[in-house]
Amino acid sequence: KLSEVRQIEIKATLSNTGKFPVTLDFPNDQRIEIQLLDAMQEVLTKWSDNHAINEKPGTIIVNAGEHVDYREMISTRDLTPNKVFIAEVFFPKYSDLRARQKFLTEP
């Protein structure tokens, strides 16, 4: 319910279902980006707009059969009641690692 929250928690899991480890390199300390989109697919809010991104390169390795969980909060200030929105999570450097989930807001 929008009247009860100012942020929503977004949970994303990156799973390696393959047989070999996967290495992901990042140019800074941002691993994921979260966007809230309206029904017309226009971006309303970006997670990175409210978080400092440091120029600290990094690497993660996801072994076969393992996963990495991400939990972040994003503002609901641009959402309106009784409408469908889309939460999208992706890795900025890896455009094919992307997930979307539609949801309906309540007053």
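Okay, let's start in the middle: the largest nonpolar core here has 20 residues, and Ile34, Ile60 and Phe91 have the most contacts inside it. By nonpolar core I mean buried Ala, Val, Leu, Ile, Met, Phe, Trp, Tyr and Cys residues joined through side-chain atoms within 4.5 Å. Buried is under 20% relative accessible area, with a 1.4 Å probe and protein chains only.

Before going on, this is a predicted model: local features need pLDDT of at least 70, side-chain atom pairs count only at pLDDT 80 or more, and totals for chains, interfaces and linings use all residues. Residues are numbered from 1 along each chain as its sequence is written, and side-chain values use heavy atoms, leaving out hydrogens and water.

Now Phe91. Leaving aside residues up to four places away in sequence, Phe91 touches Leu14, Phe26, Arg31, Ile32, Tyr70 and Leu97, where a contact is heavy atoms within 4.5 Å.

On to β3. Five of its five residues are buried: Glu33, Gln35 and Leu37 on one side, Ile34 and Leu36 on the other.

What does β3 pair with? One partner is β7, antiparallel over five bridges; pairing takes at least two DSSP bridges. Leu37, for instance, has Ile86 as its bridge partner in β7. β3 also runs antiparallel to β4, residues 43-46, with three bridges, and there Gln35 is partnered with Lys46. Those two strands make a hairpin with five residues between them, and Gln41 in the turn has a positive phi of about 70°.

Methods:
Buried < 20%, exposed > 50% of the residue type's maximum accessible area, 1.4 Å probe, protein only. Helix = DSSP H or I, 4+ residues; strand = E, 2+ residues; numbered from the N terminus.
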